[in-house]
Amino acid sequence: MHSDDAKTFLIGLPDVRHDLPFSPGLMHKLFAQTGENSLASLNQVAETISKDQGLTAKILAVANSAFYGLQARVSTVQRAAAVLGLAEIRNIVVAFGIRALSRKFSLPKSFNLLDYWKHQFCVANVAKELARRAGSPDVANLFTAGLLHDLGKLITALYRPEDWQAMEDLAKVKKLPPHKAEDEYWGLDHGVIGSLVLKSWDFPPELYEPVNWHHSPRLAGVFSGDAAMLGMADAIARRIFDGVDSDPEAEEQIIKTCRQFGLDPQEILAQAGELLNDESIDKVVHLLV
């Protein structure tokens with residue numbers, strides 16, 4: 001157990017905000033402007049983003065990628081927001097912020113950044129579909145939470161590479177799911193780490209709380225439903241994309257969560273398989289590595 005090291009790590013996590021490629025206040029303002037109850041105009045959102053040099057070009061590159069399947073190219077952030085929606089613009093900004101972190105520091109050689117991003121987009125897509133089928137009002141937020149659910153893994157690999165490698169080795173030796181190896185190693189999992197970082201970036205609780213509890217949704221209080229859908233999306237993606245099909249706990253989670261929201265497990269798995277095999281995911285992921 002490395003609990004003292006974990007405490008030191010947690011105390012320093014808010015400082016990660018200073019390593020973002022844009023002002024820490026930008027994300028707070030962007031979430032306020034793109035929230036469901038916001039009265040901000042597309043021009044105001046574009047003005048907020050344009051204050052960061054180079055971010056506009058990156059947003060347009062992703063917006064015009066095959067992932068969104070637009071019929072015509074967009075050339076301004078205002079147009080991209082009008083066509084894709086404000087929540088999607090927010091997701092692109094978030095993704096590029098995290099991408100910049102991964103380029104600022106060296107990752108362990110065994111950390112596959114391409115697989116990391118592919119998993120994030122897979123979980124985001126499945127979480128969004130689950131939320132839609134369950135009639136959740138938080139469809140857009142579930143997609144964003146999916147993009148962020150394993151942020152704690154990336155943060156650990158970037159700032160504590162030796163600890164990350166030790167936990168990877170422990171998971172392999174004991175054949176444990178990553179979050180259980182993390183808990184055994186230093187008494188917390190990547191959900192806690194990711195949520196603390198997101199909170200320090202001024203993300204709203206409807207995003208960082210599901211990330212925090214996606215492996216223990218029953219403890220998420222009023223966010224237990226979103227945390228359950230996020231955890232189920234993660235389990236489905238690992239089952240299909242990562243080839244993890246013999247994890248009894250994950251299988252039980254899928255069945256239990258489907259029952260909770262009145263969904264058919266086989267139908268959900270079939271739909272998820274189609275989503276995760278979409279080649280457009282690979283194309284947008286390559287823009288982030």
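**Figure 1. The axes of α7 and α14 come within 8 Å and cross at roughly 130°.** Axes here are lines fitted to C-alpha atoms, for helices over the stretch in contact, and angles run from 0 to 180 degrees between N-to-C directions. The crossing of α7 past α14 is right-handed. A crossing is called right-handed if the near helix is turned clockwise from the far one by less than a right angle, and left-handed if anticlockwise. On the α7 side, the contact (heavy atoms within 4.5 Å) is made by His 119, Cys 122, Val 123, Val 126, Ala 127, Leu 130 and Ala 131. On the α14 side, the residues are Met 229, Leu 230, Met 232, Ala 233, Asp 234, Ile 236, Ala 237 and Arg 238. By class, the contact of α7 with α14 has 12 nonpolar, 1 polar and 2 charged residues. Ala, Val, Leu, Ile, Met, Phe, Trp, Tyr, Cys and Pro count as nonpolar, Asp, Glu, Lys and Arg as charged, and the others, Gly among them, as polar.

The model is predicted: local features need pLDDT of at least 70 and side-chain atom pairs count only at pLDDT 80 or more, while totals for chains, interfaces and linings use all residues. Residues are numbered from 1 along each chain as its sequence is written, and side-chain values use heavy atoms, with hydrogens and water left out.

**Figure 2. Glu 129 forms salt bridges with Arg 132 and with Arg 133.** A salt bridge is a side-chain nitrogen of Lys or Arg within 4 Å of a carboxyl oxygen of Asp or Glu, and by this rule the count comes to 12. Between Glu 129 and Arg 132, the closest N and O atoms are 2.6 Å apart. These two residues are 3 apart in helix α7, so about one helical turn separates them. Helices (H or I, at least four residues) and strands (E, at least two) are DSSP runs, numbered from the N terminus. Between Arg 133 and Glu 129, the closest N and O atoms are 2.9 Å apart. Here the spacing is 4 residues in helix α7, which again means about one helical turn. An α-helix has 3.6 residues a turn, so residues three or four places apart point the same way. Glu 129 is buried, with a relative accessible area of 13%, whereas Arg 133 is partly exposed at 27%. Buried means under 20% relative accessible area, exposed over 50%, and partly exposed in between (1.4 Å probe, protein chains only).

**Figure 3. A salt bridge joins Arg 239 to Glu 251.** The closest N and O atoms of this pair are 2.6 Å apart. Arg 239 lies in helix α14 and Glu 251 in helix α15 (residues 248-261), so the pair ties together parts that are 12 residues apart in sequence. Arg 239 is partly exposed, with a relative accessible area of 28%, and Glu 251 is also partly exposed, at 22%. Elsewhere, salt bridges that share partners join Glu 129, Arg 132, Arg 133 and Glu 267 into one network.

**Figure 4. Helix α8 (residues 139-148) is mostly covered.** Of its 10 residues, 8 are buried: Asn 141, Leu 142, Phe 143, Thr 144, Ala 145, Gly 146, Leu 147 and Leu 148. The buried residues of α8 pack against α6 (86-104), α7 (113-133), α9 (151-159), α12 (190-200), α13 (205-213) and α14 (224-240). Within α8, Thr 144 has a relative accessible area of 1%. Apart from its neighbours within four places in sequence, Thr 144 is in contact with Arg 90, Asn 91 and Leu 207.

**Figure 5. Helix α9 is largely enclosed by the rest of the structure, because 7 of its 9 residues are buried.** The buried residues of α9 are Leu 151, Gly 152, Leu 154, Ile 155, Thr 156, Ala 157 and Leu 158.

**Figure 6. Helices α4 (residues 55-63) and α5 (residues 77-84) have axes that come within 10 Å and cross at roughly 35°.** The crossing of α4 past α5 is left-handed. Thr 56, Leu 60 and Ala 63 in α4 meet Val 77, Ala 80 and Leu 84 in α5. This contact of α4 with α5 comprises 5 nonpolar, 1 polar and no charged residues.
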